[in-house]
Amino acid sequence: MNPDVKYFLQLVLSGLTKGSIYALIALGYTMVYGIIKLINFAHGEIYMIGAFTALIIGGVLQITTELSPLVILGISLVAAVFYSAAYGVTLEKIAYKPLRNAPRLTALISAIGMSLILQNFVLLAQTSDFLPFRSMIPDFSFLIPGKSLLTTTQLVIMVTTFVVMLFLTLLIKFTRMGKAMRATAQDKVMAQLVGIDINRVITFTFVIGSATAAIGGVLIANHTGQINFYIGFLAGIKAFVAAVLGGIGSIPGAVLGSFVLGMTESLGAGYISSAYDNAFAFLILILILIFKPSGLLGRNEVEKV
Amino acid sequence: MSRTILDIKDFSMVFGGLRAVDHANMHIDEGEIVALIGPNGAGKTTLFNCVTGVYTPSEGDISVVSPLGKSVRTNGLKPNRITELGLARTFQNIRLFSSMTALENVMIGRHPKLHAGIFGAIFRDSKTRREEEAVIEDSLNILKKLGLEKYANDSASSLPYGAQRLLEIARAMATEPQLLLLDEPAAGMNPQETRELDDTIKRIRDDEGITILLIEHDMSLVMSLSERIYVLDYGKMIASGTPEEVKSNPAVIKAYLGE
């Protein structure tokens, strides 16, 4: 294969992988924003906690049992999903629910506070060092010829993201809870008046958002091979950029924004300079905020009288 | 004597220093059409908001009697719990779920009575499918009763104004209420639409057996529809009775026209 073409394909695939991870986190941001109009800045920490849960559970299982790596991956993924969802729901109950009728800025500050608390909690409970994460995803033999292009882990990340996306779309379009979520997002009081228990809807939203973030955390840990307490911060900010890029509150927007962001970072790093990949992310954010503040797929919000 | 559905005793609502509603009493019996009238700012919508749980009353008791005769004090209950007790309402300013279709707006009123979960939605088992078909059929029926079936698949925000008002009523009916609270249902309607609304409201009561409490400024509609009228002025219930009694009540004339 022509080395230039190969290099380009590598960059595209790596961009798609990055985009997939951002999408898994951005979905949580955008869903929570859609429902309670709050930027949940502690969302990146939920992702980090998901990765740590998988590290601990997976590590213990790898040492104490003879289970196959895929089984261990499955178990640690489920554990991470449950543990992170519990964190997400508790976070909402402690830090956001009492502030539901407070000015939005108050809840935002509460979110930043929770983010710092969770980071420092993991820092104290674990360590500040990067911990090695032994990949639990074995190499599939059918991929070996193309291994220099696409690793198994990358493929697993993309497929998982696709499945999660499909699941969410079905959930929101066709289920009773999905319809309740859409109603709650549009008008909380009216939703209650048609008999929807909005506290349950909000809790459910945090469960789903935290679960997808945890899946992202476990996958990225397998991909990069190391984690520490700080990974949630940058990932959270990037996913936030992706959500704003696509139009915050819009689920397809979050996915589109994530892939645009992942691609830009990957191609920018590959062809311009890898030292600036974060700078590209924020450059796009600034451009979008200037030229289309509502985001790529966001609706221009009409102020209600 | 028929059963009392809604009983309001010595109820007040205070916002800071303002007594929006002051020691009001009111009761509504099954099968009645009752109107609540009064000048702007009299506290009518505040009373609706307290009855449906949007606000928590400051003083007094509001109770709803279930069809089985059990009385429940609703002060401080969440709106969705009150909806389950059989109260449904519309708003003065239209509050439809504007990005959903007319049919979906009605379907969502069925929410508390459904059971299907995510697995049902994905695997489409026969129980889920039957439940969904039943909801669609029921909702289409409600739309038909209000003459809205031609709009079923249009987005709620694209409907003509009068149709949006009716759609609010349709959504409220989907919760299968025993008592329907209508907040200025004729506001912004032309005389033709208002006459039709008059018939529609009567039909809802006669055919569906739903008791009606409405706030309305259109006096011809109020006089033609209601069997009893309550008059609220500056938060105080100044009169109640049949349309004839209220029309000739000096306190009411004073409230509307001044000295």
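In this predicted model, 25 residues of chain B are in contact with 20 residues of chain A, contact meaning that the C-beta atoms of two residues, placed from the backbone, lie within 7 Å. On chain B, helix H2 (79–84) and helix H4 (118–123) each supply at least two residues of the side that touches chain A; helices (H or I, at least four residues) and strands (E, at least two) are DSSP runs numbered from the N terminus. The largest share of that side, four residues, comes from H2(B). By residue class, the side of chain B that touches chain A divides into eleven nonpolar, nine polar and five charged residues. Here Ala, Val, Leu, Ile, Met, Phe, Trp, Tyr, Cys and Pro count as nonpolar, Asp, Glu, Lys and Arg as charged, and the others, Gly among them, as polar.

Residues are numbered from 1 along each chain as its sequence is written, while chains are lettered from A and ligands numbered from 1 in the order in which they are written. Local features need pLDDT of at least 70 and side-chain atom pairs count only at pLDDT 80 or more, whereas totals for chains, interfaces and linings use all residues. The model scores ipTM 0.76 and pTM 0.84. Chain B averages a pLDDT of 89, and 96% of its residues score at least 70; pLDDT is the predictor's confidence in each residue, from 0 to 100. Where pLDDT is low, the predicted coordinates should not be read in detail.

The largest nonpolar core has 163 residues, of which A:Ile25, A:Ala26, A:Ala51 and B:Ala170 touch the most other members. Such a core is a set of buried Ala, Val, Leu, Ile, Met, Phe, Trp, Tyr and Cys residues joined through C-beta atoms within 7 Å. A residue is buried if 20 or more other C-beta atoms lie within 10 Å of its own, exposed if 12 or fewer, and partly exposed in between, with C-beta atoms placed from the backbone. Leaving aside residues up to four places away in sequence, A:Ala26 touches A:Ala239, A:Ala242, A:Ala243, A:Ala254, A:Gly257 and A:Ser258.

Chain B contains an open sheet of six strands in the order S6-S7-S8-S3-S9-S10, with mixed pairing; two strands pair if DSSP finds at least two bridges between them. Strand S6 (87–89) and S10 of chain B stand at the edges with a single partner strand each, so one side of each is left without a neighbour in the sheet. On average, neighbouring strands of this sheet are turned by 20 degrees against each other, direction ignored. Helix H10 (residues 250–257) of chain B packs on the sheet, touching S9 and S10 of chain B, and its direction makes about 125 degrees with that of S10(B). Axes are lines fitted to C-alpha atoms, for helices over the stretch in contact, and angles run from 0 to 180 degrees between N-to-C directions.

Within this sheet, S6(B) and S7(B) run parallel and are joined by three bridges; B:Leu87 stands opposite B:Leu179, and B:Ala88 stands opposite B:Leu180. Five bridges join S7(B) to strand S8 (residues 211–215) of chain B, again in parallel, with B:Leu181 opposite B:Leu213. S7(B) is mostly covered, five of its five residues being buried. From this strand, B:Leu179, B:Leu181 and B:Asp183 point one way, and B:Leu180 and B:Leu182 the other way.

Further along the sheet, strand S9 (residues 228–233) and strand S10 (residues 236–241) of chain B pair in the antiparallel sense over five bridges, and B:Asp233 has B:Lys236 as its bridge partner. Their hairpin has two residues between the strands. In that loop lies B:Tyr234, which has a positive phi of about 45 degrees although it is not a glycine. Most residues other than glycine have a negative phi. B:Tyr234 counts as partly exposed because it has 15 C-beta neighbours inside 10 Å.

A positive phi, of about 55 degrees, is also found at the non-glycine residue B:Glu176, in the loop between H6 and strand S7 (179–183) of chain B. B:Glu176 has 18 C-beta neighbours inside 10 Å and therefore counts as partly exposed. B:Met173 belongs to helix H6 (residues 161–174) of chain B and, with 23 such neighbours inside 10 Å, counts as buried.

The other open sheet to consider has four strands in chain B, in the order S2-S1-S4-S5, with antiparallel pairing. Its edges are strand S2 (18–29) and strand S5 (71–73) of chain B. Strand S4 (residues 59–65) and S5 of chain B pair over three bridges, and B:Val65 has B:Ser71 as its bridge partner.
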